[in-house]
Amino acid sequence: MPKKTGGISKYSNDLGFDEDLQARQRKTKQPCPVCFLHLDRCICDAIPRLKTNTRLTLIVHAKELKRTTNTGRLAIAALENSKMCIRGIKDHPLDLSHLFSDFEDSYLLYPSEEAIDVSELVKKKSSRPLHIIVPDGNWRQASKVGQRHAELKYIPRIKMDEPFFKNPYADFHLRKEHFAEGMATLEAIAHLFGHLESEECGQKLMDLYLQKLKATLIGRGLLKK
Ligand SMILES: [Zn+2]
């Protein structure tokens, strides 16, 4: 039995259970190139195609993209109005200067002290479309993104004040070190889009995340089919 871990409100560094180590010990052989699950458990047929007003940019480290527990790529596959920018490629520094448009309000998801709560952002009801930049990866990598890229320096920060959905598997995680509030990237994006776009859109992303989590846990023998 896995050790029970904290709920989604907890930071994952508090967790004693090294799920990532387990994942490394049983490396997925020949994973699907999109969902990174074993081909028998591939969930790609279930990926929705969602049209949204809110634009998503995911900034992901090249190393993170190789990890089978990565969920950011599923968000990109599901959201038509989204793009992935890859950092950490040798001799190819990431140029974010073309990332912004004068016709949108851009925000970086990062829980700094001055960050605006997502629920406050919803109340603002700006007439311009939103552009949300999400750093993908473990918490340490994500915290570097805002510092390393000068283009992001003056972009206002937002943070999640309250989750939009309940996660029936909140005691389980894909890996030990997580994004803010112990959430995987796709899970955080599901909550965000639930707040900012529509409940239906957020729910479809959440369902996709839960499928990935469930299939991963089954693969690790932590959950029965
Ligand atoms: Zn797949």
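Visitor: Between which elements does the loop that holds F36 lie?

Guide: F36 lies in the loop between α1 (19-25) and β1. This is a predicted model, in which local features need pLDDT of at least 70 and side-chain atom pairs count only at pLDDT 80 or more, while totals for chains, interfaces and linings use all residues. Residues are numbered from 1 along each chain as its sequence is written.

Visitor: What is the phi of F36, and is F36 buried or exposed?

Guide: Most residues other than glycine have a negative phi. F36, which is not a glycine, has a positive phi near 65 degrees. As for burial, a residue is buried if 20 or more other C-beta atoms lie within 10 Å of its own, exposed if 12 or fewer, and partly exposed in between, with C-beta atoms placed from the backbone. F36 has 22 C-beta neighbours inside 10 Å and therefore counts as buried.

Visitor: How many bridges join β1 to β2, and how many join β1 to β5?

Guide: β1 and β2 run parallel and are joined by six bridges. V60 has I86 of β2 as its bridge partner, and L58 stands opposite M84 in β2. β1 also pairs with β5 over six bridges, again in the parallel sense; there R55 has H131 of β5 as its bridge partner. Six of the seven residues of β1 are buried, so this strand is largely enclosed by the rest of the structure.

Visitor: Which residues are in contact with L108, beyond its neighbours within four places in sequence?

Guide: Two residues are in contact if their C-beta atoms, placed from the backbone, lie within 7 Å. L108 lies in strand β3, and by this criterion L108 is in contact with I133, G146, L152, I155 and R157. L108 is buried, with 22 other C-beta atoms within 10 Å. Between L108 and K159 the C-alpha to C-alpha distance is 8.6 Å, at a separation of 51 residues in sequence.

Visitor: How many residues of α6 are buried, and what covers them?

Guide: 12 of the 12 residues of α6 are buried, so this helix is largely enclosed by the rest of the structure. The cover of its buried residues includes β1 (55-61), α3 (72-78), β3 (105-109), α4 (118-124), β5 (130-136) and α7 (199-219).

Visitor: What is the span of α6 from its first C-alpha to its last?

Guide: The expected span of a helix is 1.5 Å times one less than its number of residues. Helix α6 (residues 185-196), with 12 residues, reaches 16 Å, close to the 16 Å expected.

How values were computed. Helices (H or I, at least four residues) and strands (E, at least two) are DSSP runs, numbered from the N terminus. Two strands pair if DSSP finds at least two bridges between them.
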